[in-house]
Amino acid sequence: LDDLVTEGAGVGADAIPNDLDAFWMPFTSNRSFKKRPRLVSRAKDMHYYTPEGRAILDGCAGLWCVNPGHNREPIVEAIRQAATEVDFAPTFQYGHPQAFRLASRIADLAPGDLDHVFFCNSGSEAVDTALKIALAYHQTTGAGTRTRLIGRERGYHGVGFGGISVGGIVSNRRTFGTMLTGVDHLRSTYDREHQAFTKGEPDYGAHFADELERIVALHDASTIASVIVEPMGGSTGVLPTPKGYLKRLREICDKYGILLIFDEVITGFGRLGHAFAAERYGVVPDMITFAKGITAGAVPMGGVLVRKGIHDAFMKGPEHVVELFHGYTYSAHPLACAAGLATLDLYAREHTFTHARALEPFFADAMMSLKDKPGVLDIRTVGITGAVDLAPKEGAPGLKGYEALERAFHEEGLMMRIAGDTLVVTPPLIISKDQVGELVEKLGRVIEKVA
Ligand code: PLP
């Protein structure tokens with residue numbers, strides 16, 4: 001019992017655990033990490049703090065989610081209050097007020113007639129939910145032959161079986177069997193030869209959308225349910241879609257009755273200077289998946305925005321039937337809803353999305369200043385997101401180079417995402433110009449150090 005007390009919930013956040021072995025860490029080289037662990041135990045605004053109190057500048061908004069900065073008081077307070085009101089409330093055949101409020105608020109932010117929200121707890125669940133809604137929609141409307149799903153090479157849609165099936169990251173797929181059947185992939189929109197060192201969306205590459213015509217010709221439109229793409233490929237190294245690409249994809253989907261899903265788990269809630277990237281591109285998809293920025297990462301939450309026509313197609317049978325046999329115990333969890341409402345209030349009060357839009361040119365210039373650092377092959381920026389491709393080194397990615405880079409960043413006091421040989425910069429959107437300068441300086445020093 002004494003052991004449990006010393007290692008239990010009452011132990012201060014800064015106490016180093018006695019045993020790091022039991023936690024099998026996700027997407028981590030566990031053995032090398034645990035030899036030299038990097039721990040953070042507190043966070044505020046733009047910084048994490050190690051248990052010893054050293055400040056680490058957050059260059060990746062946690063994991064692309066802490067858009068308004070860490071531990072913002074209104075969000076903390078909303079969660080605290082919600083926990084004292086209703087700790088858990090089922091959303092199967094019951095409701096709690098905050099869930100309805102939050103759904104309406106999100107729908108108000110969405111473009112076009114994306115006006116219904118299905119809640120879940122993560123981006124992965126959001127993706128699986130959207131794919132299932134697409135399939136069920138076609139069944140419901142008498143087009144049950146439409147079962148094929150289309151994703152894109154280098155797409156990341158989380159780690160559920162739906163997500164890894166439509167996703168295009170080899171290492172996330174190859175050890176897990178046959179995936180969903182009936183899945184095709186569009187080609188990646190990235191072409192370094194024609195796009196290197198572009199700020200924003202590259203001019204070259206709208207024609208990559210025409211791949212969809214080829215897939216339609218191969219299988220026939222009557223077999224295809226949906227296409228899912230990220231408006232900006234995030235986890236595979238910041239791949240902004242070329243100018244006109246998403247519009248072209250929308251046109252082809254319309255021509256063949258294929259549903260278009262934007263996975264906005266990263267791009268939602270300000271990353272590209274708008275509530276949703278769909279707005280930036282002037283394209284209304286049939287569904288938008290979101291997560292991360294909706295609660296600033298403080299409580300897990302994901303969801304799917306669904307166009308009116310799709311939602312309404314399910315609302316046609318007898319009223320007593322369940323319209324969609326899908327849902328999660330924690331769908332619209334009260335603490336997540338409270339965090340979501342407080343986060344949206346904060347975005348509105350602080351004009352976070354407008355700030356991100358205004359900062360974009362400065363951020364892009366700062367990132368491009370790294371162009372002549374050793375080993376830099378390409379730099380891309382869009383919104384408050386940037387990436388630096390480094391020349392591959394012996395043993396990298398994922399092996400020696402990866403760990404050495406992580407350590408170099410930690411020593412420099414900067415938290416960064418590394419995607420293969422790409423350094424990914426996605427700070428909280430409240431970042432100031434001075435902090436952009438500091439971040440890029442640290443980044444430059446690390447690039448020189450590991451060159
Ligand atoms: N979709 C996209 C575009 C993502 O970037 C992510 C995560 O980074 C996911 C889905 C999966 O989200 P989660 O990790 O919350 O399951």
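What follows is a chat about the labels used for parts of this structure.

Guide: One thing before we start: this is a predicted model.

Visitor: Okay. What makes Asp220 count as exposed?

Guide: We count neighbours. Asp220 has 12 C-beta neighbours inside 10 Å, so it counts as exposed. You'll find Asp220 in the loop between helix H10 and strand E7. Its phi is near 80°, a positive value in a residue other than glycine.

Visitor: And Ala296, why is that one called buried?

Guide: Buried takes 20 or more. Ala296 has 27 C-beta neighbours inside 10 Å, so it counts as buried. Ala296 sits in a loop too, between E11 and E12. Ala296 isn't a glycine either, yet its phi is positive, about 55°.

Visitor: What makes strand E12 mostly covered?

Guide: Go through residues 302-307: six of the six are buried. Gly302, Val304 and Val306 point one way, while Gly303, Leu305 and Arg307 point the other way, and all are buried.

Visitor: How do you know that E4 and E12 pair up, and which way do they run?

Guide: Pairing needs at least two bridges. Six bridges join E4 (residues 114-120) to E12, and the two run antiparallel. In one spot, Phe118 has Val304 of E12 as its bridge partner. E11 (residues 287-290) passes as well, with four bridges to E12, again antiparallel. There, Met287 stands opposite Val306 in E12.

Visitor: Now helix H14. How do you know that its length agrees with what a helix should span?

Guide: Take 1.5 Å a residue: the 17 residues of H14 (residues 334-350) should span 24 Å.

Visitor: Why is H14 called largely enclosed?

Guide: 13 of its 17 residues are buried, so the rest of the structure largely encloses H14.

Visitor: Last one: which residues come nearest to the ligand?

Guide: There are 14 residues around the ligand, and Ser122, Gly123, Ser124, Gly158 and Val265 come nearest. Helix H6 (residues 123-140) gives the most to that shell, with three residues.

Visitor: What kinds of residues make up the shell?

Guide: Five are nonpolar, seven polar and two charged.

Definitions and conventions. Residues numbered from 1 in each chain as written. Predicted model: local features only at pLDDT ≥ 70, side-chain atom pairs only at ≥ 80, totals over all residues. Near = placed C-beta within 6 Å. Nonpolar A, V, L, I, M, F, W, Y, C, P; charged D, E, K, R; others polar. Expected span 1.5 Å × (residues − 1).
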